[in-house]
Amino acid sequence: MKRKLSALLASLVLVLGLLAPLASTVSAAGKKKVMTTFYPVYYLAQRIAGDKAEVSMLLEGNQDAHDYEMSARDAAKVQTSDLFIYQDDEMEHFVEDLTKLLDTDKTKVQKTTEGIELLKGDADHEDHDHEAESGQSGEEHHEEGEEGHHHEFDPHTWMDPMTYAKQAENVKKALVALDPENASTYEANAASLTEDLKKLDQEFKEGTAKLSDKNFVVQHAAFGYLAHAYGLEQHAITGISSTAEPSAAALAKMQEFVKEHKTKVIFVDPALDDAIAKTVASATGAELRPLRTLETVSAEEIAAGADYFSLMRENLANLTK
């Protein structure tokens, strides 16, 4: 670990020198620079900052935050920003190493789930079924080696609009602290976002209330907060990490569950590899239907007008079809 950090630090010093002219140019523009990790975090910051700050996203649309490996150039991008916002230590494991390299006097760091109660993860569940019950505070961090990670807590908080609203409050406070001159704009934008999230929450309450079967099967266990918020029960083929693979026994158990409950649909994120879900569907006759985790949203989708709300409403339509 120390050797890896030393190599990254040496590379970071070099890359920072190359990026220095760019940082000066942006600073001259007068706007604060905000770097976010992946889409759900980016959307919060972009929506609340409006045109008062320059908001960027570190991960490309097809990069997975679960197993992302930080490069020196990426670390430099963060260091040349005024504020770095990320989801949670359970989601972006690379942040622990990154913050050791950052000068936090120059780049402030904000975790969006600070102070929010998180659901239990999959660390103690070999079959990766998600238990939709409240866990301890997200302030705690589950230690793991470099070879892999278990999730003590479920980091997919944005799948519940009202938990996402709590994250928005944390982002707003960070922006106000960074740029008090534009506090009124950040306050107004955050209030507008919260109202929109309340409306979305009501739509989900009304839509899911009509479901006769409260069970749903997914490939990737990213919908625990959605299930918890609306009285549903998620049954996942793989774990909380989108790159996890189930054991043969877990796969057989899921096939048995689908057959026994006569499950007609298995939900998959079109942005992720659906090979495992196809295996279960082929063995059980279930159809595959999209349900977006929002972990990866492409630049093309964003340019075409897709955002958190449009994708979540598509989720509701597919879940209640």
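**Pockets, cavities and helix pairs**

Modeller: The second largest pocket holds about 350 Å³ of space, a volume being the space filled by probe spheres set on grid points that are joined across faces, edges and corners. This is a predicted model, in which local features need pLDDT of at least 70 and side-chain atom pairs count only at pLDDT 80 or more, while totals for chains, interfaces and linings use all residues. Residues are numbered from 1 along each chain as its sequence is written, and side-chain values use heavy atoms, with hydrogens and water left out.

Biologist: Which residues are the closest to the centre of the second largest pocket, and what does strand 7 give to its lining?

Modeller: Of the 19 residues lining the second largest pocket, Asp213, Asn215, Val265, Phe267 and Leu319 are the closest to its centre. Strand 7 (215-218) and strand 9 (265-268) each supply at least two lining residues, and strand 7 gives the most, with 3 residues; strands here are DSSP E runs of at least two residues, and helices are H or I runs of at least four, numbered from the N terminus. By class, the lining has 8 nonpolar, 5 polar and 6 charged residues, where Ala, Val, Leu, Ile, Met, Phe, Trp, Tyr, Cys and Pro count as nonpolar, Asp, Glu, Lys and Arg as charged, and the others, Gly among them, as polar.

Biologist: What makes a space a cavity and not a pocket, and how many cavities of 30 Å³ or more does the count come to?

Modeller: On a 1 Å grid over the protein atoms alone, a cavity is a set of points where a 1.4 Å probe fits but cannot get out, whereas a pocket is an open set with protein on both sides within 12 Å along at least five of seven lines, and lining residues have an atom within 4 Å of a point. By this rule there are 2 cavities of 30 Å³ or more, and the largest cavity has a volume of about 60 Å³. Its lining includes Phe223, Phe267, Asp269 and Leu291, and divides into 6 nonpolar, 3 polar and 3 charged residues.

Biologist: Why are helix 6 and helix 11 called roughly parallel to each other?

Modeller: The axes of helix 6 (residues 183-209) and helix 11 (residues 308-319) come within 10 Å and cross at roughly 5°. Angles under 35 degrees count as roughly parallel, over 145 as roughly antiparallel, 65 to 115 as roughly perpendicular and the rest as oblique, and helix 6 and helix 11 are therefore roughly parallel. Their contact, meaning heavy atoms within 4.5 Å, includes Leu197 and Phe204 of helix 6 and Phe309 and Met312 of helix 11.

Biologist: What makes helix 2 oblique to helix 5?

Modeller: Helix 2 (residues 39-49) and helix 5 (residues 161-178) pack at an angle of about 55°, with axes 10 Å apart, and that makes helix 2 oblique to helix 5. In their contact, residues including Tyr43 and Leu44 in helix 2 meet residues including Tyr164 and Val171 in helix 5, and the contact divides into 10 nonpolar, 1 polar and 1 charged.

Biologist: Why are helix 8 and helix 9 called oblique to each other?

Modeller: Helix 8 (residues 248-260) and helix 9 (residues 275-284) pack at about 45°, and are therefore oblique to each other.

Note on methods
Axes fitted to C-alpha atoms, helices over the stretch in contact; angles between N-to-C directions.
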